[in-house]
Amino acid sequence: MFYREAGDFKTTYVEDSQTFPIKLDRWRYYAVLAIAFGVIPFLINDYWANAVFVPFLIYSIAAIGLNILVGYCGQVSLGTGGFMAVGAYACYKLMTAFPEVSILIHVLLAGGITAGVGLLFGLPSLRIKGFYLAVATLAAQFFLVWLFNKVPWFYNYSASGQISAPERTVLGHFVTGANTTASAKYLFCLVILVGLAWLARNLTRGTAGRKWMAIRDMDIAAEIIGVNPLTTKLSAFAISSFYIGVAGALFFSVYLGAVEVGEAFGIQKSFLILFMVIIGGLGSIFGSFAGAAFLVLLPVFLKNVLVGQFGWATDLAAHIELMIVGALIVIFLIAEPHGIAQLWKLAKEKLRLWPFPH
Amino acid sequence: MTQDASGYTAAGGRKIGGVLMEMKNITLRFGGVKAITDISFDIRDGEIRAIIGPNGAGKSSMLNVISGFYVPQEGEVWFKGYKRGPMKPYQVARLGIARTFQNIALFDGMSVLDNIMTGRLTMMKSGLLSQAIWWGGAQKEETEHREKVEKIIDFLEIQAIRKTPVGRLPYGLKKRVELARALAAEPKLLLLDEPMAGMNVEEKEDMSRFILDVNDEFGTTIALIEHDMGVVMDLSDRVVVMDYGRKIGDGTPDEVRNNQEVIDAYLGVAHD
């Protein structure tokens with residue numbers, strides 16, 4: 001009843017295959033975009049930007065990237081942290097080598113470089129599948145972190161071994177460095193996220209997405225109908241790595257500002273983003289957003305409740321928070337293995353009729 | 001029935017053309033096991049060719065050789081007058097050979113429409129970048145192919161389920177969707193591996209009708225494996241009979257039915 005399809009007729013195939021075929025959905029989507037661009041930038045402060053919005057936006061990019069690889073193409077990867085590190089270090093090297101070039105171009109180039117590295121580490125996927133591939137990508141994770149620690153050229157021979165982002169502007173506003181305003185950070189990440197999410201949606205609904213899903217669902221049948229497994233898997237690795245590289249570059253330059261590779265891009269990061277994809281929903285762009293929101297917001301929410309409401313000690317609250325998040329992930333996976341996206345879908349199907357029985 | 005290089009006239013006055021695919025002295029081994037021993041036969045343009053035989057005779061292996069899944073150790077495969085070298089299955093698909101599987105091999109996570117659209121992947125040309133931008137090239141191409149796919153959906157009478165995820169469909173419909181996916185590729189040669197397995201009489205009748213219609217309307221050459229003898233004898237123009245990896249009979253249904261070796265293979269023969 002709240003969710004009406006009646007009277008919403010499609011007379012062309014273009015209309016029938018649009019992203020939000022139901023009118024209510026379409027309007028809600030426009031409303032979200034309007035609030036994200038028109039309202040939040042004026043209300044946001046440093047706390048909200050750093051604790052909630054900027055990490056949410058950046059993790060969403062990474063989750064979309066990983067979802068393309070794991071959710072759409074069915075190739076498990078535990079190398080996300082390593083690939084984010086590639087994006088971050090590529091961005092750092094580009095920023096210091098070509099200071100006059102816009103950071104937007106650096107971020108996108110960093111994604112491109114990560115795509116190349118991802119392609120390289122995707123090669124084993126042609127021979128190995130499942131758990132074995134996960135172990136191979138785990139090797140990528142450890143190798144890349146080791147590489148950025150060991151070779152001083154990557155961190156410009158700085159004494160601390162850290163990389164820190166120089167100040168850069170977009171359209172006259174600082175987006176990196178100490179003088180950045182909360183709304184500039186937020187808007188910079190938002191624009192990139194919206195652009196990339198739109199591209200990802202287009203890729204996954206067309207030929208490329210069908211090839212990926214065919215390989216995921218049944219690789220033998222995919223090959224028989226004419227899908228080249230080599231180019232299909234490698235394209236998934238490259239595009240996924242591009243997204244993850246962009247996320248890594250933003251994570252370093254806009255969000256953290258200064259990075260030590262083992263701390264920021266360790267194996268925990270790989271698992272965090274994999275959890276986002278699994279909890280949000282494999283094979284769903286919306287699920288990537290939902291998973292990122294869940295895992296970014298939940299700790300913040302729990303911390304506020306435990307410390308702010310109950311007045312617990314911060315370290316105790318931090319431990320309890322870890323246990324609660326872990327337990328929730330397990331409960332979630334048992335209750336709804338297809339993630340938040342599936343829950344959302346079920347809710348929508350229920351709402352079509354509710355409160356009437358038919 | 002007279003047969004020559006230019007073809008013959010089949011039952012019902014259908015004109016059957018020249019040789020489309022020819023298998024010459026095919027031998028396929030798995031280690032020490034010979035699955036196929038020195039088999040030759042041809043498939044002519046426009047005919048419905050059945051491959052029959054008891055279980056384990058090597059029929060499915062034969063189909064896998066045709067579709068490029070297995071490469072035979074000996075023998076030659078000729079298609080459209082050219083000798084086919086060793087090829088990957090996806091390259092064979094691009095030559096115009098499509099197939100269905102004995103145990104359904106659909107993409108469970110995708111809708112019926114998407115599954116059938118995958119059949120046209122080899123014909124979709126727009127690059128990754130144009131797909132990512134979507135507006136313009138990719139969308140236009142998508143719509144063109146959607147129109148073709150909708151024709152097949154109408155043809156196979158599955159309009160009502162086009163948005164349903166394949167995993168939710170009953171067996172008979174899955175078989176039909178798989179046929180639709182193969183047809184979407186507009187193949188020259190369609191291979192059907194037990195299209196009627198596990199179906200009830202009505203479903204078999206439907207499927208038989210579709211196979212005849214496909215052959216009739218699109219002029220698609222069909223090679224099928226089937227265990228239901230009634231169906232095979234009614235549908236096919238010529239039949240190859242295999243037993244233990246050898247060819248023991250080849251000809252029209254009537255010729256095969258009266259072949260002593262075939263009768264022995266199916267009914268068994270007393271050893272004394």
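In strand S11 of chain B, B:Val240 is the bridge partner of B:Ile51. The model is a predicted one, in which local features need pLDDT of at least 70 and side-chain atom pairs count only at pLDDT 80 or more, while totals for chains, interfaces and linings use all residues. Residues are numbered from 1 along each chain as its sequence is written, and chains are lettered from A and ligands numbered from 1 in the order in which they are written.

Strand S5 (residues 48–52) of chain B pairs in the parallel sense with S11(B) (residues 238–243) over four bridges. Four bridges also join S5(B) to strand S10 (residues 221–225) of chain B, again in parallel; there, B:Ile51 stands opposite B:Ile225. Pairing requires that DSSP find at least two bridges between two strands. Helices (H or I, at least four residues) and strands (E, at least two) are DSSP runs, numbered from the N terminus.

Five of the five residues of S5(B) are buried. A residue is buried if 20 or more other C-beta atoms lie within 10 Å of its own, exposed if 12 or fewer, and partly exposed in between, with C-beta atoms placed from the backbone. B:Ile48, B:Ala50 and B:Ile52 point one way from S5(B), and B:Arg49 and B:Ile51 point the other way.

## Overall form of the two chains

Chain A contains 16 helices and four strands. Its radius of gyration is 21 Å, close to the 21 Å that the globule rule gives for 358 residues, so chain A is as compact as a globular protein of that length. The radius is taken over C-alpha atoms, and the rule is 2.2 Å times the number of residues to the power 0.38. Taken along the principal axes, the C-alpha atoms of chain A fill a box of roughly 70 × 55 × 45 Å. Buried residues make up 45% of the 358 residues in chain A.

Chain B has 10 helices and 12 strands. A compact globule of 272 residues would have a radius of gyration near 19 Å, and the 19 Å of chain B agrees. The C-alpha trace of chain B spans about 75 × 40 × 40 Å along its principal axes, and 43% of the 272 residues are buried.

Two residues are in contact if their C-beta atoms, placed from the backbone, lie within 7 Å. Among contacts with a separation of 6 or more, residues 24 or more positions apart account for 76% in chain A and for 67% in chain B.

## The nonpolar core

The largest nonpolar core has 173 residues, and those with the most contacts inside it include A:Ile58, A:Cys189 and A:Leu250. Such a core is a set of buried Ala, Val, Leu, Ile, Met, Phe, Trp, Tyr and Cys residues joined through C-beta atoms within 7 Å. This core draws at least three residues from each of domain 1 (1–96 + 187–267) and domain 2 (113–186) of chain B.

Not counting residues up to four places away in sequence, A:Cys189 touches A:Val54, A:Leu57, A:Ile58, A:Leu250 and A:Val254.

## Contact between the chains

The contact takes 34 residues from chain B and 26 residues from chain A. On the side of chain B that touches chain A, helix H5 (137–155) is one of the elements that supply at least two residues; H5(B) gives the most, with six residues. By class, that side of chain B has 17 nonpolar, nine polar and eight charged residues. Ala, Val, Leu, Ile, Met, Phe, Trp, Tyr, Cys and Pro count as nonpolar, Asp, Glu, Lys and Arg as charged, and the others, Gly among them, as polar.

## Domains of chain B

Chain B is assigned domain 1 (1–96 + 187–267) and domain 2 (113–186), with bounds from an automatic or database domain assignment. The C-alpha centres of these two domains lie 27 Å apart. In their contact, 11 residues of domain 1 meet 10 residues of domain 2. On the domain 1 side, H2 and helix H7 (201–218) of chain B each give two or more residues, and H7(B) has the largest share, four residues.

## Local features of chain B

Helix H1 (residues 59–66) of chain B is mostly covered, with seven of its eight residues buried. B:Gly68, which follows H1(B), has a positive phi near 85 degrees.

B:Thr164 lies in the loop between H5 and helix H6 (171–184) of chain B. B:Thr164 is partly exposed, with 15 other C-beta atoms within 10 Å. Not counting residues up to four places away in sequence, B:Thr164 touches B:Ser111, B:Val112 and B:Leu169.
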